[in-house]
Amino acid sequence: MKKHLIILSIFLLSLSCKEQVNLNAIKVTNPEELNNAIAQATAGDNIILANGIWKDVQIAFTGKGTKDHPITITAETEGKVFIEGVSNLSFGGEYLEVSGLYFRNGYSPSQAVVDFKISHDDKPEQISNNCKFTNSVIEDFNKPKRDDSDLWVRFWGRHNELSNCYIAGKTNRGPTVRVSIAGIESINNYHQIINNHFGPRPVKGGPSGETIQLGDSYTSMSPSHTMVANNLFEECNGEVEIISSKTNFNVFKNNVFYKSEGSLVTRHGNYATIDGNYFIGDGVNENYGGIRIINTGHWVVNNYFYNLKGKSFRSPLAVMNGIPKSPINRYNQVTDVVVAYNTYINCSSPWQFGVGTNIAQADVLPKSEIRSARAIRTTVANNIVYNEEGLDAIVIENDRADGVTFKNNITNNQGVAFKDFNNGIIAAALDLKKLTDYIYIPTGIPDDFKAYAGFDFDIIETDLLGISRKDDTSIGAIMGKDVYNPNILDKSKYGTTWYSNAVASRTAITHTVDNPEALQAKIKEAGHGDIIMLKEGLYSINTSIPINKTLILKSQENTKAQLFFSGKANTPLFSLQSKGKLTIDNLSLKGDNTNYAFASLKENMSNHFGLTVLNTDISNFNYALKVHKESFAERITFENTTISNCENGIELSEETNDKGDYNTEYLTITNCNFNRVKANVIDYYRGGYDESTIGGNLLVKNSTFTQCGGGEQNKTLLNHRGIINVTLTKNTFENNPVTFIATLWGAKNNNASDNKIINSGKLTVEENLKLKLMY
């Protein structure tokens, strides 16, 4: 009996000790206490950060926990520990976990906000394994300068995890998340990027704006085995690639891409599995994409594409041409790919092959850039395509798809004839059964229509909803049996337990002013989205008015207030700052010929601005609009507006580093009059050739240009070199002392139509515009 009591006592003591390891909590209130706690931490310790603002703190989290007893850093209260200022977090060790933090109002002093490696000047690097960053937020944590590149999460080592986080608002250069695998200690890493909510990433205006990048071109032949699963990508619009897979054996499963302007791209590397993902568009925006395929051995199965209107690079399925004997950083030929059991509902360009072919540009590109290698040994089978309106082509061949085998695909193309590729695409009268918003199941497939049993197709064991495919010959992403609502847009399924990006609606307040002092005061105190109503009269202003929120300035009905700006030379009436989005309606703006009507800041434009000018007269300024380097607006619009007697007009041409960047995604000029504007009438520049960057966008319509351009050194009235999408239509050009109205880029989407030209030079087309290669 005594022996049994001793054994029981030892057992209970061991349980008590084990429990004590997990409950060793150390609360810290400042960086010094935190550093001391980290230095002394052992397996099972929990370092608790006191609630409040932790400013200018660089957390170097080192230590060695165990699988059962990690060392953790947690917030005293989740979401109440704010990491601000010049701050970052780096891991160096094993089995370390951080949770509950909120990064905001600052930026990293290093190359990453959260880094799974600690670099020392005088010691070896400390790389992390089996570490986790979880249940945290990184929001608007941008470098002050757009060209300063960083990552918000950078992986090294093996078996690390980013989970249940909300990450949004990156505007500066660099992917939001990158898996770096340079070094044998970081290959075969099996990292996990799971259950996160990647919130809006605004359009960057150039390349290097991915949400996730797995490796880079120089490590692209290395095995990674990264898992990206169960994440929501909401309005991730940074660039044409939302996810850029550049390593081998990565898995993308059960993710939702919701109204995101880009695609999941197998940019480099091979053998990706893309299984059970949702790609949801709105039926209007042509920038919402799907999956773009490059390289070898990928399996694209069980994916669902809805209301996507993207084409070419942004098609629901875009299969690119490769470069024969491609350099490692370019485009390898697509080979040995399977695209099976996917469903496409109301997609305007479901399958495109030979995307990016550029044989016609051989005269201006080196041989190493000619994409002429078509996809081979590729199988497209057991897919369903449904369109409410018939398409002229289910498959668009930018180059011949003669290396692709089509088997047992079915489409309802509403009776419109299409190429069926040796009977590999069969027409049928299908109906749609609504499962939930955005998810529809095609029904009415003929009973005798069976799935194609391709090589290794038996590894596709379940459908999109996880229902077993065993003994079932259905096609498409959802078989239609045992269906349930997957609630793909229930945001509580993703991200943190404590944060929501839902913003309560706010009713705009209208403030009425009648003098300059009141105008400036109301602009300062106004809330986001408010309206400043100006009574009729003259407003003399001698200092710039900062705009750092969304505001509307307009005249009272049936009047037109006049603003005269006498500020210093080369300063703006309206200073467009980070997050400042200004709408001007029915005003008269006049300068003293030395200053500007509108301008962005020369530096620290860490976030976007916006400008809309309606029904307004702008005169006697040095610049109507001056946008400085590293400033970016998603949209700049002038409508029903007159710009006259100005030295310069609308100038967005300072991104001369030729890295593919530009200053606005959409520059729209409609129903405007330009009179006696000497130079930079419209100057919108994108330098650096990168075929996968497919912006910006210039529309000039129903506008007149009279006696403009006399000061243009290149004798060209409208300058838009390197801009991909240009439309000049129904304009009048009269008595402009220039040689050229504009030079259109014939190989891109540059068009001119129905323009009236009187004594104003000519419109020319340069088919293959020469630009500096970016790589």
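The sections below take cavities, a surface patch and salt bridges in turn.

## Basis of the values

The structure is a predicted model, in which local features need pLDDT of at least 70 and side-chain atom pairs count only at pLDDT 80 or more, while totals for chains, interfaces and linings use all residues. Residues are numbered from 1 along each chain as its sequence is written, and side-chain values use heavy atoms, with hydrogens and water left out.

## Cavities

A cavity is a set of points, on a 1 Å grid over the protein atoms alone, where a 1.4 Å probe fits but cannot get out. Points are joined across faces, edges and corners, and a volume is the space filled by probe spheres set on them. The count under this rule is 5 cavities of 30 Å³ or more, and the largest cavity holds about 50 Å³ of space.

Residues with an atom within 4 Å of a point count as lining; for the largest cavity they include Trp152, Phe198, Arg201 and Cys236. This lining divides into 6 nonpolar, 4 polar and 2 charged residues, where Ala, Val, Leu, Ile, Met, Phe, Trp, Tyr, Cys and Pro count as nonpolar, Asp, Glu, Lys and Arg as charged, and the others, Gly among them, as polar.

## A nonpolar surface patch

Tyr218, Met221 and Ile328 make a nonpolar surface patch of about 340 Å². Patch residues have over 30% relative accessible area and no salt bridge, and nonpolar side chains (Val, Leu, Ile, Met, Phe, Trp, Tyr) are joined within 5 Å; the areas come from the Shrake-Rupley method with a 1.4 Å probe. Tyrosine 218 lies in the loop between β21 (212–214) and β22 (227–229), strands being DSSP runs (E, at least two residues) numbered from the N terminus. Tyrosine 218 counts as exposed because its relative accessibility is 64%, the classes being buried under 20%, exposed over 50% and partly exposed in between.

## Salt bridges

The whole structure has 31 salt bridges, each a side-chain nitrogen of Lys or Arg within 4 Å of a carboxyl oxygen of Asp or Glu. Lysine 27 pairs with glutamate 76, with the closest N and O atoms 3.0 Å apart. This pair links distant parts of the chain, 49 residues apart, with lysine 27 in strand β1 (residues 24–28) and glutamate 76 in the loop between β5 (71–75) and β6 (81–86).

Glutamate 125 forms a salt bridge with lysine 117 at 3.4 Å between the closest N and O atoms; glutamate 125 is partly exposed at 46% relative accessibility, whereas lysine 117 is buried at 8%. Arg146, Asp147, Lys629 and Glu655 are linked in a network of salt bridges.

Conventions:
1 Å grid on protein atoms, 1.4 Å probe; cavity = no way out; pocket = protein on both sides within 12 Å on 5 of 7 lines; lining within 4 Å. Patch = residues over 30% accessible without salt bridge, like charges linked within 9 Å, V, L, I, M, F, W, Y side chains within 5 Å. Helix = DSSP H or I, 4+ residues; strand = E, 2+ residues; numbered from the N terminus. Buried < 20%, exposed > 50% of the residue type's maximum accessible area, 1.4 Å probe, protein only.
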